[in-house]
Structures are given as C-alpha cells and as structure tokens.
Amino acid sequence: MKIEKTVNILNKRARFEYEILEQIEAGIVLTGTEIKSLRSSKASITESFCQFIDGELYIINMMIDEYKLGTFYNHQTKRERKLLLHKKELQKFQKKLKDAGNTIIPLKLYINEKGYAKLQIALARGKKLFDKRESIKDRENKRNLDRIRKVG
C-alpha cells in the first residue's frame, strides 16, 4: 500500500458545470481510517456538494474508500462530514446561498504541509448550456493558438 506525500484530488467537472464566484479553504473532520485512506488517494469529490445543517456546513456525497488494513473500526464510505470554518465565514456563505441558483461545491481535496486534510470549496452558480458551449469554444481556440505558436 503506497502512501503519497502530496495528495491532490480535484473536481474537474466543477469549473465546467459552474461559474465560480468565491473560493475558500476549509478544514474537514475525519476519523482515523478516513485520513489513512485519503493519504493513499482513495477519495472522490466529483458528485459531492455542501449543505448547511443546523447552522454548520457539511459535505455530502464525498466518497472515501474503506481503508484496506482497517478492521471492524472502518468508516462508512459515504457519510456527512463536517467542515471547519470560522463563524463569520459560515454566516457570509449562508447569506449568499439565499440568492437563487447559488450552491457550494468542493473544488480540491488535499493535505497541507502540516499534515491536515483541507478542502477548497467555492460558492458557485450553475452555467447554462450556451455558457458551456462558450467554454468549449474558448478552450479549443486556446489549443489551436498554442499549436500555431509551437509550429511557428
């Protein structure tokens, strides 16, 4: 079982599906087997989202695989995990969430230099179909320009 020094789990679809309005870094409450499994990059945040429950922010639908060497103390793969933010930050996000179409999504799950699991979350608004087409067109134009510069 290989444990990597840098863990970087990205939500690649987030920037395509949503327009990012504001980003913030949050701590996450994990159990022992969850952090061990996370250090071996056995997690996924593609289908997850954040929600307020009793005034506290939780991440829902985040998948952390069971730790292979864990015994009957192993964790549930999908459960609500509490996010650690300051009270003012929570209140600010809660106010902005009341606007129609806004949601909080995870962008990146990583372990910082101190060894703590951190989650980069963002306040986002869903893109319309024409916005997605525009994103694809911009990406293709950038790719073509890079090709022309490389050849020339």
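**Close-up 1. The largest nonpolar core of the predicted model**. This core has 26 residues. Leu 38, Leu 57, Leu 83, Ile 104, Leu 109 and Ile 121 have the most contacts inside it. At least two residues of the core come from each of β2 (18-28), α2 (32-39), β4 (49-53), β5 (56-60), α3 (87-97), β8 (102-111) and β9 (117-126). Strand β9 gives the most, with 4 residues. Another core, of 5 residues, lies apart from this one, and includes Ile 105, Leu 107, Ala 122 and Ala 124. In soluble globular proteins, nonpolar side chains tend to be buried together.

**Close-up 2. The surroundings of Leu 83**. With neighbours within four places in sequence left aside, Leu 83 is in contact with Ala 26, Gly 27, Ile 28, Cys 50, Leu 57, Tyr 58, Ile 59, Leu 119 and Ile 121. Leu 83 is among the core residues with the most contacts inside the core.

**Close-up 3. Asn 102 in strand β8**. Asn 102 has a relative accessible area of 11%, so this residue counts as buried. A polar atom of its side chain lies 2.9 Å from the backbone oxygen of Lys 96. Beyond its neighbours within four places in sequence, Asn 102 is in contact with Leu 21, Lys 96, Leu 97, Leu 123, Ala 124 and Arg 125.

**Close-up 4. The buried residues of helix α2**. These are Thr 33, Glu 34, Ile 35, Ser 37 and Leu 38. They pack against β1 (8-10), β3 (43-44), β6 (63-64), β7 (81-84), β8 and β9. Just after α2, Ser 41 takes a positive phi of about 60°.

Conventions. Residues numbered from 1 in each chain as written. Predicted model: local features only at pLDDT ≥ 70, side-chain atom pairs only at ≥ 80, totals over all residues. Heavy atoms only, no water. Core = buried A, V, L, I, M, F, W, Y, C linked by side-chain atoms within 4.5 Å. Buried < 20%, exposed > 50% of the residue type's maximum accessible area, 1.4 Å probe, protein only. Contact = heavy atoms within 4.5 Å. Polar contact = N/O pair within 3.5 Å; in protein donor to acceptor, adjacent residues only side chain to side chain.
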